Amino acid sequence: MVDKRKIVLVGTGFVGMSMAYSLLNQGGVNELVLIDVLKEKAIGEAMDLAHGIPCAPSNIEIKAGDYSECKDANIVVITAGLAQKPGQTRLELASANAKIMKEITQEVVKSGFKGIFLVASNPVDVMTYVVKEVSGFPASQVIGSGTVLDTARLRYLIGEYLEVSSKNVHAYIMGEHGDSSFVPWNHAYVGCKKMIDIMEDNNYPMSDLEKIYTDVQQAAYEIINRKKATYYGIGLGLTKIIKAILNDQDEIMTVSTYLNGEYGEKDIYIGVPTIINGKGAREILQLTLEGEEKEKFEHSCQVLKEMKKEIDKVIKE
């Protein structure tokens with residue numbers, strides 16, 4: 001168990017503040033520090049949250065601060081970055097955000113921080129790679145939110161489809177947090193029964209599985225079309241990762257993790273089932289991927305490798 005239980009959040013936009021709000025509601029954190037380039041916004045957000053402490057399950061110190069606060073933090077969560085503009089490619093967005101990520105990481109490390117980086121800025125897989133390269137930290141101490149939200153969406157939709165609790169759905173979205181993600185259906189279970197067997201035994205059309213995945217993949221676009229941004233789901237997902245670290249839970253989550261030979265890939269961050277505990281990414285679970293699933297994973301890795309080529313230039317600047 002971690003005693004200090006101090007979290008520093010860099011970036012007080014919708015995603016960061018949704019995480020902060022869910023942390024306040026769930027408890028388990030002793031101190032939360034907000035950092036933003038817009039210092040007055042960080043102060044205002046801290047005040048607004050702090051006024052809810054009397055209604056929260058436990059006491060927590062909430063304040064705005066600067067990078068010196070990172071020195072004794074357990075986790076630094078980075079949600080800062082630019083949103084994708086109309087007409088802007090993902091690569092252009094990645095290059096712009098990589099510069100921001102580099103500056104933030106340098107400031108955090110300068111403080112003497114020795115804890116765990118948790119990255120949620122997009123494109124999250126390559127942004128997590130930037131933080132690892134710039135910080136020089138062990139890969140286990142730098143993780144991204146990966147496909148945690150995608151996986152939550154998948155479990156929710158499977159639960160709705162079968163009319164069972166999503167908490168009893170054990171299925172994963174793997175790969176890039178983006179359009180090249182996929183579901184390894186051979187490793188999807190409801191309770192202790194394979195999803196594929198449930199479909200066959202009930203004469204459900206297998207095409208429904210593809211529809212479920214498409215609904216997951218398109219979910220962000222659907223939400224953005226209606227309300228301009230998504231943030232509650234990822235806010236709760238980040239809180240779940242934080243609690244898995246602080247409580248040393250050894251919980252399996254599809255965070256963005258550094259591959260060093262696993263799945264036949266190296267020097268890349270991507271969403272794979274990983275055991276998360278007080279030390280960060282304890283261990284990657286290697287699922288047996290065959291045929292089409294293996295091809296989809298390789299394709300997803302290739303998409304990220306192409307983006308990483310440009311990002312490496314930013315890192316070396």
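Figure 1. R153 lies in helix α5, which spans residues 148–162, in a model that is predicted. Its relative accessibility is 15%, so R153 counts as buried, the cut-off for this class being under 20%. Beyond residues up to four places away in sequence, R153 touches V216, A219, A220, I223 and T230.

**Figure 2. Positions annotated as "binding site".** In an unreviewed entry, UniProt places this feature at Q84, R90, N122, P123, V124, D125, D150, T151, A152, R153 and T230. These positions are spread over 147 residues of sequence and are also spread in space, with up to 23.5 Å between C-alpha atoms. Among them, T151, A152, R153 and T230 belong to the lining of the second largest pocket.

Figure 3. Helix α3 covers residues 90–110 and contains R90. Because its relative accessibility is 29%, R90 counts as partly exposed. When residues up to four places away in sequence are not counted, R90 touches Q84, P123, E176, H177 and M307.

**Figure 4. The largest nonpolar core and F297.** This core has 44 residues, and those with the most contacts inside it are V76, F117, M174, Y263 and F297. Helix α9 (residues 291–316) supplies the largest share of the core, seven residues. Leaving aside neighbours within four places in sequence, F297 is in contact with M174, F182, L259, Y263, E265, I270, V272 and L289.

Figure 5. In soluble globular proteins, nonpolar side chains tend to be buried together.

Notes: Residues numbered from 1 in each chain as written. Predicted model: local features only at pLDDT ≥ 70, side-chain atom pairs only at ≥ 80, totals over all residues. Heavy atoms only, no water. UniProt positions renumbered as here; feature names shortened; annotations may be inferred. 1 Å grid on protein atoms, 1.4 Å probe; cavity = no way out; pocket = protein on both sides within 12 Å on 5 of 7 lines; lining within 4 Å. Helix = DSSP H or I, 4+ residues; strand = E, 2+ residues; numbered from the N terminus. Buried < 20%, exposed > 50% of the residue type's maximum accessible area, 1.4 Å probe, protein only. Contact = heavy atoms within 4.5 Å. Core = buried A, V, L, I, M, F, W, Y, C linked by side-chain atoms within 4.5 Å.
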